[in-house]
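This briefing goes with the sequence and structure shown here. Read it with the structure open, and look up each residue as it comes.

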Amino acid sequence: MSSVGIVETKYFRIEQKICLESGVEFGPIEVAYETYGTLNEEKDNAILLLHALTGDAHAAGFHCEQDKKSGWWDEMVGPDKAFDTNKYFVVSSNILGGCSGTTGPCSINPETQKPFGLKFPVITIEDTVKVQRKLIEHLGIKKMIVAGGSMGGMQALEWAISQSDIVDAAIVIASTARITAQGIAFNAVGRNAILSDPNFNNGDYYNSESQPEKGLSIARMVGHITYLCEESMHKKFGRKFQDKDSPNFDFNIDFQVESYLAHQGRTFVDRFDANSYLYITKAVDYFDLAYKYGSLEAAFKKSKARFLVMSFTSDWLFPTSQSKEIVQALVKTGKDVSFFEIESPCGHDAFLLEFQTQTKIIKSFLAKKVRNGCGHE
């Protein structure tokens, strides 16, 4: 299957301030986004892709001929793929608080002409959706499907509930209606690693030669452990030593798995902002539909969307039990919902790796929409 090819990241500026869930009025806001495919005359063949914790607007294709790094869901977006650009107008945007083009802590505060840093307001998943809604209105979209994995699935749920007038269907993959105490704990360890870095400087490090690289690297290492699973780590690394046959008997890297995590940490600091990590993980922690609406059933009551919920057998960060909780609430409220648990050894990262199975399921789900006369060939 072919790629969407060379794509351009575009920018949309929201001039008016948006009222955040905290009560803070914030703006202006710039949104980085990409589009693939063509919006039809009825303006109702759109799919909004919602990225995970450290994702960006670049979901598919390449930025130039020399670019060797495709978008994060490239295998899922394009002609005849799961999100078929022959049929659909696919949109992907970087979320509020991010560091890949959309306004976030590293953006310039118009009042001080310096990066916001910790003066950036605390945000929630609801706030990210409010900003995305402005982009969708700018693009002229009247009806659409939302889809995302992990934190992207949280956004998809929020879209289907708070923006029910425009959402026809929601595809929620490897996600949850609220993370567990254990999930919050892992995020807290990552944030504390950043906050404890001597170079963090209370979030004001942008013009410094020393960045909080160690803290952010450790945060990524901790987070990455939760994206894998025991089976995949054992198959990939086992207890193999790194470039030797015996231990060093010191505190340097001995095992391959240590080297792998160190590499993940090093490469992460080159593309992500420490402050954004603080803000986005906090938004994930705050997301709790049952708390916000009184129960999951009450949360889904007014939603008009059809739902596809998928989980993976080896995902222990957002396990199948959490997906089933969503499904049960949808069933109780009489919603149209399909559920699939996919066998996979890839852990939480399976939604970024198990392309073939996801493609079959998503295509079938979208085809059902076509057969019912609610979609487009």
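The model is predicted: local features need pLDDT of at least 70, side-chain atom pairs count only at pLDDT 80 or more, and totals for chains, interfaces and linings use all residues. Residues are numbered from 1 along each chain as its sequence is written, and side-chain values use heavy atoms, with hydrogens and water left out. Confidence is given as pLDDT, the predictor's value for each residue from 0 to 100. The mean pLDDT of the protein is 95, and 97% of its residues reach 70 or more.

**Overall build**

- The protein has 11 helices and 14 strands, where helices (H or I, at least four residues) and strands (E, at least two) are DSSP runs numbered from the N terminus.
- With a radius of gyration of 21 Å, close to the 21 Å that the globule rule gives for 377 residues, the protein is as compact as a globular protein of that length. The radius is taken over C-alpha atoms, and the globule rule is 2.2 Å times the number of residues to the power 0.38.
- The C-alpha trace spans about 65 × 50 × 50 Å along its principal axes.
- Of the 377 residues, 55% count as buried; buried means under 20% relative accessible area, exposed over 50%, and partly exposed in between (1.4 Å probe, protein chains only).
- The accessible surface comes to about 17100 Å², and carbon and sulfur atoms hold 50% of that area. Areas come from the Shrake-Rupley method with a 1.4 Å probe, and for residues only the protein chains shown count as cover.
- Among contacts (heavy atoms within 4.5 Å) with a separation of 6 or more, 72% are between residues 24 or more positions apart.
- Over residues 370-377 pLDDT stays under 50, and the model has 12 contacts beyond four places in sequence for that stretch.

- Helix α1 has 14 residues and reaches 20 Å from its first C-alpha to its last, close to the 20 Å expected at 1.5 Å a residue. The expected span is 1.5 Å times one less than the number of residues.
- Because 10 of its 14 residues are buried, α1 is largely enclosed by the rest of the structure.
- At 3% relative accessibility, Gln-132 counts as buried.
- The side chains of Gln-132 and Trp-159 are joined by a polar contact of 2.7 Å. A polar contact is a pair of N or O atoms within 3.5 Å; within protein, one must be able to donate a hydrogen and the other to accept it, and residues adjacent in sequence count only if both atoms are side-chain atoms.
- Leaving out residues up to four places away in sequence, Gln-132 touches Leu-48, Leu-50, Ser-93, Ile-95, Gln-155 and Trp-159.
- Gly-140 follows α1 and has a positive phi, near 80 degrees.

**Ser-150**

- Ser-150 lies in the loop between β11 (144-149) and α2 (151-162), and is buried, with a relative accessible area of 10%.
- Ala-52 is 98 residues from Ser-150 along the chain, yet their C-alpha atoms are separated by 5.6 Å.
- Not counting residues up to four places away in sequence, Ser-150 touches Ala-52, Ile-173, Ala-174, Ser-175, Phe-318, His-348 and Phe-351.

**Helix α10**

- Helix α10 (residues 320-332) has 13 residues, and its first and last C-alpha atoms are 18 Å apart, close to the 18 Å expected at 1.5 Å a residue.
- Its buried residues are Thr-320, Gln-322, Ser-323, Ile-326, Val-327, Ala-329 and Leu-330.
- These buried residues pack against α2, α9 (296-300), β13 (306-312) and β14 (337-342).
- Just after α10, Gly-334 takes a positive phi of about 75 degrees.

**Backbone details in loops**

- The peptide bond from Gly-27 to Pro-28 is cis, with omega near -5 degrees. Pro-28 lies in the loop between β3 (25-26) and β4 (29-36).
- Lys-43, a residue other than glycine, has a positive phi near 60 degrees. Lys-43 sits in the loop between β4 and β5 (46-50) and counts as partly exposed at 32% relative accessibility.
- Gln-113, also a residue other than glycine, has a positive phi near 60 degrees. Gln-113 sits in the loop between β9 (108-109) and β10 (114-115) and counts as exposed at 57% relative accessibility.
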